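Student: Could we go through this model together, a bit at a time? I'd like to look at one spot closely before we turn to bigger pieces.

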Amino acid sequence: MSLPLDVVAGWSLPNGVVDSVEPFAVSRHLALAAEQRLTGVVHAAMLAGDLEVDDPVAVGDAHRASMARSLALEDVLLEAVSVLEHATIEFRLLKGAALAHMDATPEQREFGDNDLLVRPDQLVEAAAAFEAVGASRVQPPLSPTWERRFAKSVTLRWRDTELDLHRTLAPGPYGHTIDAGSLFAGANDSAIRLAGISVPTLTPEAHLVHAAVHVALGDVVPRLGNVRDTALLIGRPGLDADRVIATVVAWRVEAPFAAGVLAAADIGAEPNGIVEWARRARRTRADRRAMASYAERDGRFRRQALASLRVLPWRDRVAYLRSLRSR
């Protein structure tokens, strides 16, 4: 018998338990751990003596390789920062690269691409800035109107890596209720430092909302590394829970946020007020319809497009339909 990966994902969390009696079988689970972005966690738990592995050398080798990939992505990220600053495009760093450096354990959080949020009205301009320095789109634009007003993101290939430029923080109907522009309002003092350079990112509260919503909506089966991100953010010292919930309500993402938080609670997140709020949250009929549009991979785009029409203001629905027809 070997240790399940969801238990490994909960290592070091307040309610997480790693039973070292059950060894981590490298031949069976190390590749899966990498897919789940848990190589660094496996390595750290092993070094701490909390996780028995049957091939420590293989774990060490895998961890060095994953960190090398993450460092290469950080080099590309610094180039991306320069491109956006030269084009005078404001941005915020999202997801893995940001979360890896918000705490003192970046070696536990590998990542596979770079994600940057730009102002919604600058998405097309940002993509063009990267195309001018050799980036290429993974997919052609659906339509000019779609990208300017309705797209979640533009994915680029650049420097042999994937770069996602986000217009909002979620696909489908909830992406249209999130006010991503508000993340650029006022002074921003949230940043990480890479090679001595300050890279702006979200507040821990906004990161938590994004992480939990991504767990619920990003994949049919969420990646355990993302669930762990949510759990770590829930228990972050100094987190303003009232601000988190106010953002969730303002963005009308109560249902996916609660689902993401409860997934984090299942692997051992601190049972604090945010978790209790998620346990009390109830889905409306509209939420059940919207959440259903994310439930399966097949036909996802069509279901989310139909669900999006229910949340868009009337004045935007005609433009939305026209942008889809040009697909």
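Student: Which residues is threonine 201 in contact with, leaving aside its neighbours within four places in sequence?
Tutor: Bearing in mind that this is a predicted model, threonine 201 is in contact with Arg92, Leu93, Ala98, Asn188, Ser190, Ala191, Ile192 and His207, once its neighbours within four places in sequence are left aside.

Student: And where is the place of threonine 201?
Tutor: Threonine 201 sits in the loop between β7 (197–200) and α9.

Student: Is threonine 201 buried or exposed?
Tutor: Threonine 201 has a relative accessible area of 2%, and because buried means under 20%, threonine 201 counts as buried. A polar atom of its side chain lies 2.6 Å from the backbone oxygen of leucine 93.

Student: OK, new topic: in what order do the strands of the open sheet come?
Tutor: The open sheet is formed by 5 strands in the order β1-β2-β5-β4-β3, and their pairing is mixed. At the edges are β1 (91–94) and β3 (136–137), each of which pairs on one side only.

Student: Which helix packs on that sheet?
Tutor: Helix α4 (residues 56–86) packs there, touching β1, β2 (114–118), β4 and β5 (161–166), and the direction of α4 makes about 20° with that of β2.

Student: How do the strands run, parallel or antiparallel, say β2 and β5?
Tutor: β2 and β5 run parallel and are joined by 4 bridges, with leucine 117 having histidine 166 in β5 as its bridge partner. β4 and β5, on the other hand, run antiparallel and are joined by 6 bridges, and here arginine 157 has glutamate 162 in β5 as its bridge partner. β3 and strand β4 (residues 153–158) also run antiparallel, with 2 bridges joining them, and serine 136 stands opposite arginine 157 in β4.

Student: How many of the residues of β5 are buried?
Tutor: In β5, 5 of the 6 residues are buried, so this strand is mostly covered.

Student: What do β4 and β5 form?
Tutor: β4 and β5 form a hairpin with 2 residues between them, and arginine 159 in the turn has a positive phi of about 55°. Aspartate 160, in the loop between β4 and β5, also has a positive phi, of about 60°, although it is not a glycine. Most residues other than glycine have a negative phi.

Student: Is aspartate 160 buried or exposed?
Tutor: Aspartate 160 is exposed, with a relative accessible area of 75%. Alanine 195, in the loop between β6 (191–194) and β7, is exposed as well, at 72% relative accessibility, and its phi is near 50°, a positive value in a residue other than glycine.

Student: Let's switch to helices. At what angle do α9 and α12 pack?
Tutor: Helix α9 (residues 204–217) and helix α12 (residues 254–266) pack at an angle of about 90°, with their axes 7 Å apart, and the two are therefore roughly perpendicular to each other.

Student: Which residues meet there?
Tutor: On the α9 side they include Leu208, Val209 and Ala212, and on the α12 side they include Pro256, Phe257 and Gly260. The residues of this contact divide into 12 nonpolar, 1 polar and no charged.

Student: Last one: how many residues of α3 are buried?
Tutor: Helix α3 (residues 39–47) is mostly covered, with 8 of its 9 residues buried, among them Thr39, His43 and Met46. The buried residues of α3 pack against α1 (5–9), α2 (26–35), α4 and α10 (224–234).

Methods
Residues numbered from 1 in each chain as written. Predicted model: local features only at pLDDT ≥ 70, side-chain atom pairs only at ≥ 80, totals over all residues. Heavy atoms only, no water. Axes fitted to C-alpha atoms, helices over the stretch in contact; angles between N-to-C directions. Parallel < 35°, antiparallel > 145°, perpendicular 65-115°, else oblique. Contact = heavy atoms within 4.5 Å. Nonpolar A, V, L, I, M, F, W, Y, C, P; charged D, E, K, R; others polar. Pairing = 2+ DSSP bridges. Buried < 20%, exposed > 50% of the residue type's maximum accessible area, 1.4 Å probe, protein only. Polar contact = N/O pair within 3.5 Å; in protein donor to acceptor, adjacent residues only side chain to side chain.
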